[in-house]
Amino acid sequence: MILVNGRELDEHGLRARVKLRREHLLYTPELLELLDRDLLAVMRESRDQGFASLHGLRRALDEEDEEKDRRREEGSRWRRLVSATRREQEEAEAKSGEPARPPAVLEPPLGAGGEAPPPQPEAKEEKKDEKRPPLRRMIAHVVTMRVVQGVGEGYFQQLKQFNIFATRELEILQRLLRSGNRGPYPGRDRRGGVWLSPRPAWSAEAARYAAGLCGTGAVVVGIPGHALVEALWEKGLLALAVDDHARAVAEAQSRFCPARYHPRPLELLEAARVGGADLLVVPFPECMEGPRLEELLRWAGRNLGAGGRVLLGRGGGEARRFPYEDGFVRFWPAAYLRGLLEREGFAVEEREEAGTALLLGEKGAEG
Amino acid sequence: MRVHQVLPWLGGGEPISSQALAIHEVLTSWGVESRLYAYNMDDFGRRFAAYDGEYRKVMHDGSDDVLLYHYALYCENYGLFRETGHRKALVYHNITPPDFYRDYHFGSFFLCRLGRDHLREFADCDLALADSEYNRRELVQMGFAPERSDVLPIQPPLEYLEADEDPALARWLGDGKTNLLCVGRVVPNKKIEDAIRLFACYHHGVNAHSRLVVAGFMLKSYYAALAALVKSLGLEGSVHFLGRVSDAQLAACYRGCRYYISTSEHEGFSTPLLESFHFGLVVLAYDAGAVPETMGGSGILFTEKDYPLLAELLDRLERDSLLRERVIAAQRERLADFSRESFARHLERVLARLLAAPGEVEG
């Protein structure tokens, strides 16, 4: 039940939309499964075992700190109670597995003349120390430092964002200067055709052309507006559409198209194990760094069978920009893109569809 | 008459300290002598309080003084409460059920258990005050006399959030994304994992142009588990743990976010809900503990953690500005119940009750 300002909300409309999103695979089975999974189980099964190690080490360190405090404040009555309760709890749990009861030492209440707890056995302490050799403790401290760095990551992200904003503002200022003809500006004639966010969308004709190239399934890396994703989805040919540009994904999602956001699309592509696709569309290769682009086309070379196609968009600008953000892109020379495709066994032809410059690679039977 | 308050800890930006300071301020404004003592404190606390040993020197002076003892965790200074010769009231802020900590932090698990075990020893106090009706009921269940119990709600300290916001954080949050916010200690009973799951549905299924911001002290073993979940859900870069933040940063968070998400399964009061009301965030909160009581029929309360459904509700709120405005207006109206005047009236009433109680004053 959902209460809005104390009144029950009619959930029918919301549930219908949830159903539609499920049908359109916006919620993947993996995601739905993770929603119900226990947090600790997720951590233990995580591909990155560092989290589980960190959790264990952190707990070990906490216990170690407890132990140090206990020694430091040996005269403190409540610290003695900590030891006694812990020991009783451990013993009780070891015996029966049932939840431990509060120790007898807590009855009668503190300050009313309770019995002194039994002394801590020495042998147990030695064993504990054996368990934590100096090297392990050192590693634990190093890992803790990494966590602290992780926590600080939020701050660095802010700093990075600030730099991006500053750069963008500088760019806009330069553009204003140029457009207003307020003085000579070197290279002003050559700098036309540079994108600013948002990225240009493909027209419906270009999208239809791309969808027409697909026979069994298409993978789209970088979403050029909703037209392409929608055209592929309607034909039942969309294997995966992924982008690291959140706004483009959100636009597709708002039309119930199963687009995915991922900061490293290639990683998702590998993890999703897309099979049976015969078309890879990369509308904005200039938004990718060289090594990532090479990796992506290598994936295409490996996974697209004979007759498989790769469609690369081509920006119209020059390779003079800094790739700081979506929209601030470095245009790859056509020769470079062609070379990459040919290296993976694709025969390449240049095309233009509805005003969109494209590079089409097709894998021969021998490829 | 003097009013003494004893706390386990007095520090800045912490709800129990804020409550004690609010009482102190109101008493001082009435011309009543008010003193604060704490077992430990930070630099901020040192401006107002003395160490609790000082109270021991005056607790048997035969005066008609009053002791308010704030209790939220086991602390050694509870002996002062037992031994004092003054009239005494317990101010109960609730103790997290220890089982939440079992898999994450033994120290907290133990202190919470010890704290709950000792609570019964305070049942002979002259008046048991709780900061919510939920907490008062818990006291009664533990053996406190219902007729000697009352509610003294928290006065949310909102002034310190009126400070200038942190510009870098404000700029980062103002990039057009739909920002969701969780504020408070990142500890297991807050169930931050459920907020992340809700956000996962919203981000992957409804609106990728969004982020979740979590601000507050982090229990590292719990954070490790949350980080694993974030990675498994493919939300790196969209979920941000800021850790402990300054007042200016917190103000930036409240001003830069549109929705406040509370998936906590144990709350004795929840000040961030009221702070969100103040800043005009739409609050979506799980019906647990004192949350419904704090919200007082405003905001959005859900009884079931149906994440896709809640993600859809967020989408509706995004598209339906009229609905959003109605919720925010009701929240603002509710906030008026927690004004300083209202708090002063409550304090006056409970102190009158305490002074009228047949106490065990020495003399």
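Me: What keeps the sulfur of B:C182 from forming a bond with the closest cysteine sulfur?
Reply: A disulfide is a pair of cysteine sulfur atoms within 2.5 Å. The closest cysteine sulfur to that of B:C182 lies 9.4 Å off, in B:C257, and is therefore too far for a bond. This is a predicted model, in which local features need pLDDT of at least 70 and side-chain atom pairs pLDDT 80 or more, while totals for chains, interfaces and linings use all residues; side-chain values use heavy atoms, without hydrogens and water. Residues are numbered from 1 along each chain as its sequence is written, with chains lettered from A and ligands numbered from 1 in the order in which they are written.

Me: What rules out a bond from B:C257 to its closest cysteine sulfur?
Reply: That sulfur belongs to B:C253 and is 5.8 Å away, so it too is too far for a bond.

Me: Why is B:C182 called buried?
Reply: Buried means under 20% relative accessible area, exposed over 50%, and partly exposed in between, with a 1.4 Å probe and protein chains only. B:C182 has 4% relative accessibility, so it counts as buried. B:C257, at 6%, counts as buried as well.

Me: What makes strand β3 of chain A covered on both faces?
Reply: Strands are DSSP runs of E with at least two residues, helices are runs of H or I with at least four, and both are numbered from the N terminus. In β3(A), residues 218-221, A:A218 and A:V220 are buried on one side, and A:V219 and A:V221 are buried on the other. In a regular strand the side chains alternate between the two faces of the sheet.

Me: How do you know that β3(A) pairs with β4(A)?
Reply: Two strands pair if DSSP finds at least two bridges between them. β3(A) and β4(A), residues 238-243, have 4 bridges in the parallel sense, and A:A218 stands opposite A:L238. With β6(A), residues 279-282, β3(A) has 3 bridges, also parallel, and there A:V220 stands opposite A:V281.

Me: What is called the largest nonpolar core, and which residues have the most contacts inside it?
Reply: A nonpolar core is a set of buried Ala, Val, Leu, Ile, Met, Phe, Trp, Tyr and Cys residues joined through side-chain atoms within 4.5 Å. The largest has 90 residues, and B:L90, B:I196, B:F241 and B:L284 have the most contacts inside it. Helix α8 of chain B, residues 192-206, gives the most to this core, with 9 residues. A second, separate core of 32 residues includes A:V220.
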